[in-house]
Amino acid sequence: MRNVNRVFFCKSLSLVFLVPSFTRSHLRFAYSSAVASSPARSIHCMATDSPIPQSTASFSSVSAGDGSVSVPPGDVAAVPASSASSAIDFLSLCTRLKTTPRAGWIKREVQNPESIADHMYRMGLMALISSDIPGVNRDKCMKMAIVHDIAEAIVGDITPSCGVSKEEKNRRETEALEHMCKLLGGGERAKEIADLWREYEANSSPEAKVVKDFDKLEMILQALEYEQEQGKDLDEFFQSTAGKFQTDIGKAWASEIASRRRKQH
(Lines give C-alpha, C1' and ligand atoms only; values in the text may rest on other atoms or scores of the structure.)
Protein backbone atom coordinates (compact mmCIF):
# COMPACT_ATOMS: atom_id res chain seq x y z
CA MET A 1 0.00 0.00 0.00
CA ARG A 2 1.31 3.46 -0.84
CA ASN A 3 1.97 5.64 2.19
CA VAL A 4 0.42 9.10 2.11
CA ASN A 5 1.97 11.75 4.31
CA ARG A 6 -0.30 14.54 5.49
CA VAL A 7 0.94 17.78 6.97
CA PHE A 8 -1.44 20.08 8.82
CA PHE A 9 -0.78 23.56 10.16
CA CYS A 10 -2.89 25.57 12.54
CA LYS A 11 -2.36 28.44 14.95
CA SER A 12 -3.99 27.15 18.09
CA LEU A 13 -1.28 25.13 19.84
CA SER A 14 2.44 24.98 20.34
CA LEU A 15 2.66 21.17 20.40
CA VAL A 16 4.66 19.37 17.74
CA PHE A 17 3.67 15.73 17.31
CA LEU A 18 3.50 12.87 14.86
CA VAL A 19 0.57 10.48 14.93
CA PRO A 20 0.45 7.45 12.63
CA SER A 21 -3.07 6.65 11.52
CA PHE A 22 -3.03 3.25 13.13
CA THR A 23 -2.71 4.80 16.59
CA ARG A 24 -5.38 7.47 16.26
CA SER A 25 -8.03 5.26 17.80
CA HIS A 26 -5.82 4.70 20.84
CA LEU A 27 -4.09 8.04 21.32
CA ARG A 28 -6.69 10.60 22.33
CA PHE A 29 -5.62 14.22 22.34
CA ALA A 30 -7.53 16.67 24.50
CA TYR A 31 -6.25 20.21 24.73
CA SER A 32 -7.27 22.89 27.16
CA SER A 33 -9.28 25.85 25.95
CA ALA A 34 -6.58 28.14 27.32
CA VAL A 35 -4.05 26.66 24.96
CA ALA A 36 -6.38 26.56 22.01
CA SER A 37 -7.29 30.22 22.45
CA SER A 38 -3.74 31.51 22.06
CA PRO A 39 -3.16 32.84 18.51
CA ALA A 40 0.59 33.03 19.04
CA ARG A 41 0.98 29.28 19.29
CA SER A 42 1.32 26.91 16.37
CA ILE A 43 1.13 23.20 15.70
CA HIS A 44 2.83 21.12 13.05
CA CYS A 45 1.36 17.65 12.60
CA MET A 46 2.33 14.83 10.30
CA ALA A 47 0.52 11.52 9.95
CA THR A 48 1.18 8.49 7.78
CA ASP A 49 -1.64 6.39 6.39
CA SER A 50 0.21 3.11 6.84
CA PRO A 51 -1.45 0.15 8.54
CA ILE A 52 0.01 -1.87 11.37
CA PRO A 53 2.14 -4.61 9.80
CA GLN A 54 0.22 -7.89 9.80
CA SER A 55 3.05 -9.55 11.70
CA THR A 56 2.37 -7.37 14.73
CA ALA A 57 -1.38 -6.87 14.51
CA SER A 58 -2.19 -9.72 16.93
CA PHE A 59 0.58 -8.96 19.40
CA SER A 60 -0.52 -7.39 22.69
CA SER A 61 1.34 -5.56 25.43
CA VAL A 62 -0.04 -4.35 28.72
CA SER A 63 0.27 -1.07 30.56
CA ALA A 64 0.61 -1.50 34.31
CA GLY A 65 -0.99 1.90 34.87
CA ASP A 66 2.16 3.42 36.36
CA GLY A 67 3.91 4.34 33.15
CA SER A 68 5.40 0.90 32.73
CA VAL A 69 4.90 -1.42 29.79
CA SER A 70 4.99 -5.19 30.14
CA VAL A 71 5.13 -7.67 27.30
CA PRO A 72 3.19 -10.89 28.03
CA PRO A 73 5.65 -13.80 27.71
CA GLY A 74 3.10 -15.95 25.90
CA ASP A 75 2.87 -13.45 23.05
CA VAL A 76 6.57 -12.95 22.47
CA ALA A 77 7.02 -16.10 20.41
CA ALA A 78 4.43 -14.91 17.88
CA VAL A 79 6.92 -12.48 16.34
CA PRO A 80 10.63 -13.12 17.02
CA ALA A 81 12.45 -9.99 18.16
CA SER A 82 15.16 -10.78 15.63
CA SER A 83 12.69 -10.56 12.73
CA ALA A 84 14.17 -8.35 10.01
CA SER A 85 10.70 -7.09 9.14
CA SER A 86 9.96 -6.04 12.74
CA ALA A 87 13.35 -4.38 13.09
CA ILE A 88 12.98 -2.32 9.91
CA ASP A 89 9.38 -1.37 10.78
CA PHE A 90 10.59 -0.13 14.17
CA LEU A 91 13.54 1.77 12.71
CA SER A 92 11.37 3.34 10.02
CA LEU A 93 9.06 4.70 12.71
CA CYS A 94 12.06 6.00 14.66
CA THR A 95 13.16 8.08 11.66
CA ARG A 96 10.56 10.58 12.82
CA LEU A 97 12.85 11.36 15.74
CA LYS A 98 15.36 12.60 13.15
CA THR A 99 12.87 14.80 11.34
CA THR A 100 10.85 16.26 14.21
CA PRO A 101 12.26 19.53 15.56
CA ARG A 102 12.19 20.22 19.28
CA ALA A 103 9.07 22.25 20.08
CA GLY A 104 10.68 24.75 22.45
CA TRP A 105 13.00 26.06 19.77
CA ILE A 106 10.19 26.39 17.24
CA LYS A 107 8.17 28.49 19.66
CA ARG A 108 11.12 30.84 20.04
CA GLU A 109 11.66 31.02 16.29
CA VAL A 110 15.11 29.46 16.33
CA GLN A 111 16.37 28.88 12.80
CA ASN A 112 17.09 25.27 11.80
CA PRO A 113 16.29 23.88 15.26
CA GLU A 114 17.69 20.57 16.43
CA SER A 115 15.61 17.42 16.11
CA ILE A 116 14.60 15.08 18.92
CA ALA A 117 17.25 12.62 17.70
CA ASP A 118 19.93 15.38 17.75
CA HIS A 119 19.08 16.00 21.39
CA MET A 120 19.22 12.32 22.36
CA TYR A 121 22.44 11.73 20.44
CA ARG A 122 24.39 14.38 22.32
CA MET A 123 22.97 13.08 25.58
CA GLY A 124 24.41 9.69 24.59
CA LEU A 125 27.77 11.33 24.04
CA MET A 126 27.52 12.95 27.46
CA ALA A 127 27.12 9.51 29.01
CA LEU A 128 29.97 8.15 26.90
CA ILE A 129 32.51 10.80 27.95
CA SER A 130 31.43 11.14 31.57
CA SER A 131 33.73 9.96 34.32
CA ASP A 132 32.94 6.77 36.17
CA ILE A 133 30.54 7.43 39.02
CA PRO A 134 30.34 4.94 41.91
CA GLY A 135 27.10 3.03 41.74
CA VAL A 136 26.24 4.24 38.22
CA ASN A 137 26.35 1.99 35.14
CA ARG A 138 27.65 4.22 32.34
CA ASP A 139 26.57 1.82 29.57
CA LYS A 140 23.05 1.84 30.97
CA CYS A 141 23.11 5.65 30.96
CA MET A 142 24.00 5.63 27.25
CA LYS A 143 21.11 3.28 26.49
CA MET A 144 18.70 5.32 28.59
CA ALA A 145 19.76 8.52 26.81
CA ILE A 146 18.80 7.14 23.40
CA VAL A 147 15.52 5.71 24.72
CA HIS A 148 14.19 8.39 27.04
CA ASP A 149 12.35 10.39 24.33
CA ILE A 150 11.64 7.49 21.97
CA ALA A 151 7.85 7.71 22.36
CA GLU A 152 8.06 11.16 20.78
CA ALA A 153 8.37 9.38 17.44
CA ILE A 154 4.58 9.10 17.75
CA VAL A 155 3.37 11.80 20.15
CA GLY A 156 5.96 14.47 19.36
CA ASP A 157 7.72 16.83 21.75
CA ILE A 158 5.20 17.79 24.43
CA THR A 159 6.51 20.75 26.40
CA PRO A 160 5.10 22.46 29.53
CA SER A 161 3.78 25.29 27.33
CA CYS A 162 1.53 22.86 25.43
CA GLY A 163 -1.12 22.85 28.15
CA VAL A 164 -0.94 19.07 28.60
CA SER A 165 -0.84 17.71 32.14
CA LYS A 166 1.96 15.40 33.26
CA GLU A 167 -0.56 12.61 33.69
CA GLU A 168 -1.93 13.03 30.18
CA LYS A 169 1.57 13.30 28.71
CA ASN A 170 2.55 10.07 30.45
CA ARG A 171 -0.60 8.32 29.21
CA ARG A 172 0.02 9.30 25.60
CA GLU A 173 3.68 8.32 25.74
CA THR A 174 2.88 5.01 27.45
CA GLU A 175 0.42 4.09 24.69
CA ALA A 176 2.96 5.13 22.06
CA LEU A 177 5.66 3.01 23.70
CA GLU A 178 3.31 0.02 23.81
CA HIS A 179 2.79 0.33 20.07
CA MET A 180 6.53 0.61 19.44
CA CYS A 181 7.22 -2.48 21.54
CA LYS A 182 4.64 -4.39 19.52
CA LEU A 183 6.13 -3.10 16.29
CA LEU A 184 9.56 -4.34 17.37
CA GLY A 185 8.06 -7.77 17.94
CA GLY A 186 8.34 -7.98 21.70
CA GLY A 187 11.00 -10.09 23.36
CA GLU A 188 14.04 -9.03 25.36
CA ARG A 189 14.92 -5.93 23.34
CA ALA A 190 11.41 -4.50 23.51
CA LYS A 191 11.31 -5.20 27.25
CA GLU A 192 14.70 -3.52 27.73
CA ILE A 193 13.52 -0.39 25.93
CA ALA A 194 10.30 -0.30 27.96
CA ASP A 195 12.13 -0.86 31.25
CA LEU A 196 14.69 1.87 30.51
CA TRP A 197 11.95 4.32 29.54
CA ARG A 198 9.92 3.52 32.66
CA GLU A 199 12.95 3.87 34.91
CA TYR A 200 13.81 7.25 33.41
CA GLU A 201 10.24 8.51 33.74
CA ALA A 202 10.10 7.43 37.38
CA ASN A 203 13.55 8.88 38.14
CA SER A 204 13.95 5.68 40.12
CA SER A 205 17.64 4.81 39.79
CA PRO A 206 21.07 6.48 39.97
CA GLU A 207 21.30 6.15 36.17
CA ALA A 208 17.94 7.88 35.70
CA LYS A 209 19.07 10.78 37.86
CA VAL A 210 22.25 11.19 35.81
CA VAL A 211 20.36 11.04 32.51
CA LYS A 212 17.72 13.47 33.80
CA ASP A 213 20.59 15.88 34.43
CA PHE A 214 22.02 15.21 30.97
CA ASP A 215 18.61 16.07 29.52
CA LYS A 216 18.71 19.51 31.16
CA LEU A 217 22.40 19.98 30.39
CA GLU A 218 21.96 19.27 26.70
CA MET A 219 19.10 21.76 26.57
CA ILE A 220 20.99 24.64 28.18
CA LEU A 221 24.13 23.91 26.17
CA GLN A 222 22.01 24.06 23.02
CA ALA A 223 20.39 27.26 24.27
CA LEU A 224 23.84 28.80 24.79
CA GLU A 225 24.85 27.82 21.26
CA TYR A 226 21.70 29.33 19.77
CA GLU A 227 22.32 32.53 21.72
CA GLN A 228 25.85 32.69 20.31
CA GLU A 229 24.89 31.76 16.74
CA GLN A 230 21.58 33.58 16.33
CA GLY A 231 21.63 36.36 18.90
CA LYS A 232 18.64 34.94 20.76
CA ASP A 233 17.80 35.62 24.39
CA LEU A 234 17.00 32.19 25.78
CA ASP A 235 17.41 32.98 29.46
CA GLU A 236 14.16 31.19 30.33
CA PHE A 237 15.81 27.83 29.64
CA PHE A 238 18.56 28.58 32.13
CA GLN A 239 16.07 29.86 34.69
CA SER A 240 13.85 26.79 34.32
CA THR A 241 16.73 24.41 35.15
CA ALA A 242 18.48 26.46 37.84
CA GLY A 243 18.85 24.50 41.09
CA LYS A 244 17.27 21.37 39.63
CA PHE A 245 20.36 19.26 38.95
CA GLN A 246 20.47 16.12 41.08
CA THR A 247 24.02 14.85 40.61
CA ASP A 248 27.53 16.17 41.10
CA ILE A 249 28.32 15.82 37.42
CA GLY A 250 25.14 17.66 36.50
CA LYS A 251 25.91 20.53 38.84
CA ALA A 252 29.54 20.76 37.67
CA TRP A 253 28.70 20.78 33.96
CA ALA A 254 25.83 23.23 34.47
CA SER A 255 28.20 25.55 36.32
CA GLU A 256 30.66 25.41 33.44
CA ILE A 257 27.95 26.21 30.88
CA ALA A 258 26.70 29.12 33.03
CA SER A 259 30.26 30.42 33.37
CA ARG A 260 30.74 30.43 29.61
CA ARG A 261 27.44 32.22 29.17
CA ARG A 262 28.41 34.94 31.62
CA LYS A 263 31.62 35.55 29.70
CA GLN A 264 29.75 36.08 26.45
CA HIS A 265 27.53 38.68 28.12
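Predicted model: local features only at pLDDT ≥ 70, side-chain atom pairs only at ≥ 80, totals over all residues.

Biologist: Why is Glu 218 called buried?

Modeller: The term buried requires a relative accessible area under 20%. Glu 218 has 1% relative accessibility, and therefore counts as buried.

Biologist: Which residue forms a salt bridge with Glu 218, and what makes the pair a salt bridge?

Modeller: The partner is Arg 122, with the closest N and O atoms 2.9 Å apart. A side-chain nitrogen of Lys or Arg must lie within 4 Å of a carboxyl oxygen of Asp or Glu. The value of 2.9 Å is within that limit, so the pair qualifies. Arg 122 belongs to helix H5 and Glu 218 to helix H10, so the bridge ties together parts 96 residues apart in sequence.

Biologist: How do you know that Glu 236 and Arg 108 form a salt bridge, and where do they lie?

Modeller: Their closest N and O atoms are 2.6 Å apart, and the cut-off is 4 Å. This pair links distant parts of the chain, 128 residues apart: Glu 236 is in helix H11 (residues 235–241), and Arg 108 is in the loop between helix H4 (103–107) and H5. Glu 236 has a relative accessible area of 43%, which falls between 20% and 50%, so the residue is called partly exposed.

Biologist: What separates Arg 171 from Glu 175 along helix H8?

Modeller: About one helical turn, because the two residues are four apart in helix H8 (residues 166–184). Salt bridges that share partners join Glu 168, Arg 171, Arg 172 and Glu 175 into one network. Across the whole structure, a search finds 18 salt bridges.

Biologist: Is Arg 171 buried or partly exposed?

Modeller: Arg 171 has a relative accessible area of 22%. Buried means under 20%, so Arg 171 is partly exposed.

Biologist: Which residues have the most contacts inside the largest nonpolar core?

Modeller: They are Trp 105, Ile 150, Met 180, Phe 214 and Leu 217, in a core of 53 residues. Helix H10 (residues 206–230) supplies the largest share of this core, 10 residues. Leaving aside neighbours within four places in sequence, Ile 150 is in contact with residues including Phe 90, Met 120, Leu 177 and Met 180.

Biologist: Why is Thr 247 called buried, and where is its place?

Modeller: Thr 247 has a relative accessible area of 12%, under the 20% limit, and is therefore buried. Its place is in the loop between H11 and helix H12 (248–264). A polar atom of the Thr 247 side chain lies 3.0 Å from the backbone nitrogen of Gly 250. Beyond neighbours within four places in sequence, Thr 247 is in contact with Lys 209, Val 210 and Asp 213.

Definitions and conventions:
Residues numbered from 1 in each chain as written. Heavy atoms only, no water. Core = buried A, V, L, I, M, F, W, Y, C linked by side-chain atoms within 4.5 Å. Buried < 20%, exposed > 50% of the residue type's maximum accessible area, 1.4 Å probe, protein only. Contact = heavy atoms within 4.5 Å. Polar contact = N/O pair within 3.5 Å; in protein donor to acceptor, adjacent residues only side chain to side chain.
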